[in-house]
Amino acid sequence: MARFTLPRDIFHGKGALEELKNFEGKKAVICVGGGSMKRFGFLDRAEGYLKKAGMEVKIIDGIEPDPSVKTVMEGAKVMQEFNPDWIVAIGGGSPIDAAKAMWIKYEYPDITFDEMCKVFGIPELRKKAHFCAVSSTSGTATEVTAFSIITDYDKGIKYPIADFEITPDVAIVDPELAETMPKKLIAHTGMDALTHAIEAYVSTANCDYTDALAIHAIEMIQRDLVGSYKGDMVKRDKMHNAQCLAGMAFSNALLGIVHSMAHKTGAAFADHGSHIIHGAANAMYLPKVVAFNAKDPVAKERYGVIADYMHLGGESLSEKVQLLIKYLRKMNDDLNIPHCIKNYGADGLPAEEGFVPEDVFLERLPEIAKNAIADACTGSNPRIPTQEEMEKLLKCCYYDKEVDF
């Protein structure tokens, strides 16, 4: 038996944000990030709609990119004092992910962060509040998923919280919010969405329900991402739907080691002046992981199906896999994303010398590899790498070397 879970309601299309005025409750907390939702007026609109619904509203703002355990605990404390019956998270993946974790701690004040990270081990929620997610970026799809990514900065590790309990009750997918995204964010979130769809399709937990969503998302992203990046607003609106479909697929089919590696490298070099942005990490690692996973015959066949749906050509399965890898690398070029950690520069842009020094990478490699293998996303990958294989794979991602093992 398998399970397929989505939000009860998904409101989509321009003007969907207005649905907030039909919510029923006494108090709502709005969780929001660093300022773009304020700047473009969406926070004021959301607050106004909730007040029209008759609710008292409190705002938790300033949630940082890659939200921390500290932010989660502080936000949960605010919720415990205010006692909302609706939690509304608006913005990119970071405020929505943080709000999901705050929700758990709000409903269960004694739960520890380690207990939250127990995969599919969260107790029943909705005793105190329901959850609405309003996405402003076209990539993470956390508005429809059972996942939240929280960073422990003391350890330099991103932890996925995974449980169907944190699937939002309501998702609002209004493309007007996504039209405000800067170019870099369009590129990174778009490649995150493509990685979600491809990993979901080859995951060992795939099924008929997830396959349809993943394949259609891949087709849409192939058609619309580069155009969205270049400023085509019709394509940008379409990408907001495509990333949501990819999210529905991976929330139920799960992911693979592209995400395991991205989670465990993202904050691992923060002491050297930067993060490896999640979507850019996925974009760099995806071609390498396709080559690694394609040694598994079932995964190889599934990559061949993806290549066929993308009309990439090729006679044999091996040729199709190579054409898929080549296409993914070209997308990175089109979106100005580097191919490897060695050339990952400031703001996630290609550089002759990136911010992660070679000696530091090699010194931390065994620990990063061990943590990546232990990541929640590894279990559904078509090939489970050994410590030695994971280290070799990460080296390929550092130096941009071909994967032949």
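Helices here are DSSP runs of H or I with at least four residues, numbered from the N terminus. In this predicted model, that numbering identifies helix 13 as the source of the largest share of the lining of the second largest pocket, five residues.

The second largest pocket holds about 310 Å³ of space. Helix 11 (278-293) and helix 13 (317-334) are the elements that give two or more residues to its lining. The lining comprises 15 residues in total, and Ala291, Gln322, Ile325, Glu402 and Val403 are the ones nearest the centre of the pocket. Sorted by class, the lining residues of this pocket are seven charged, six nonpolar and two polar.

Asp400 is found in the segment after helix 15 (387-399). Asp400 is not a glycine, yet its phi is positive, at about 60°. Its relative accessibility is 26%, so Asp400 counts as partly exposed.

Another residue with a positive phi is Phe120, at about 50°, and Phe120 is not a glycine either. Phe120 sits in the loop that runs between helix 5 (113-116) and strand 5 (130-135). Because its relative accessibility is 38%, Phe120 counts as partly exposed.

The largest nonpolar core has 88 residues, and the members that touch the most other members are Met261, Phe269, Ile276, Tyr285, Tyr303 and Ile306. Leaving aside residues up to four places away in sequence, Met261 touches Tyr285, Val289, Ala372, Met390, Leu393, Leu394 and Cys397. Another core, of 30 residues, lies apart from the largest one; among its members are Val29, Met79, Met116 and Phe131.

One further position is Thr189, which lies in helix 7 (residues 183-202). Is Thr189 buried or exposed? The cut-off for buried is under 20% relative accessible area; Thr189 has 8% relative accessibility and therefore counts as buried. A polar atom of the Thr189 side chain lies 2.5 Å from the backbone oxygen of Leu185. With residues up to four places away in sequence not counted, Thr189 touches Thr137, Ser138, Gly139 and Met181.

Technical notes:
Residues are numbered from 1 along each chain as its sequence is written. This is a predicted model: local features need pLDDT of at least 70, side-chain atom pairs count only at pLDDT 80 or more; totals for chains, interfaces and linings use all residues. Side-chain values use heavy atoms; hydrogens and water are left out. On a 1 Å grid over the protein atoms alone, a cavity is a set of points where a 1.4 Å probe fits but cannot get out, and a pocket is an open set with protein on both sides within 12 Å along at least five of seven lines; lining residues have an atom within 4 Å of a point. Grid points are joined across faces, edges and corners, and a volume is the space filled by probe spheres set on the points. Ala, Val, Leu, Ile, Met, Phe, Trp, Tyr, Cys and Pro count as nonpolar, Asp, Glu, Lys and Arg as charged, and the others, Gly among them, as polar. A nonpolar core is a set of buried Ala, Val, Leu, Ile, Met, Phe, Trp, Tyr and Cys residues joined through side-chain atoms within 4.5 Å. Buried means under 20% relative accessible area, exposed over 50%, partly exposed in between (1.4 Å probe, protein chains only). Contact means heavy atoms within 4.5 Å. A polar contact is a pair of N or O atoms within 3.5 Å; within protein, one must be able to donate a hydrogen and the other to accept it, and residues adjacent in sequence count only if both atoms are side-chain atoms.
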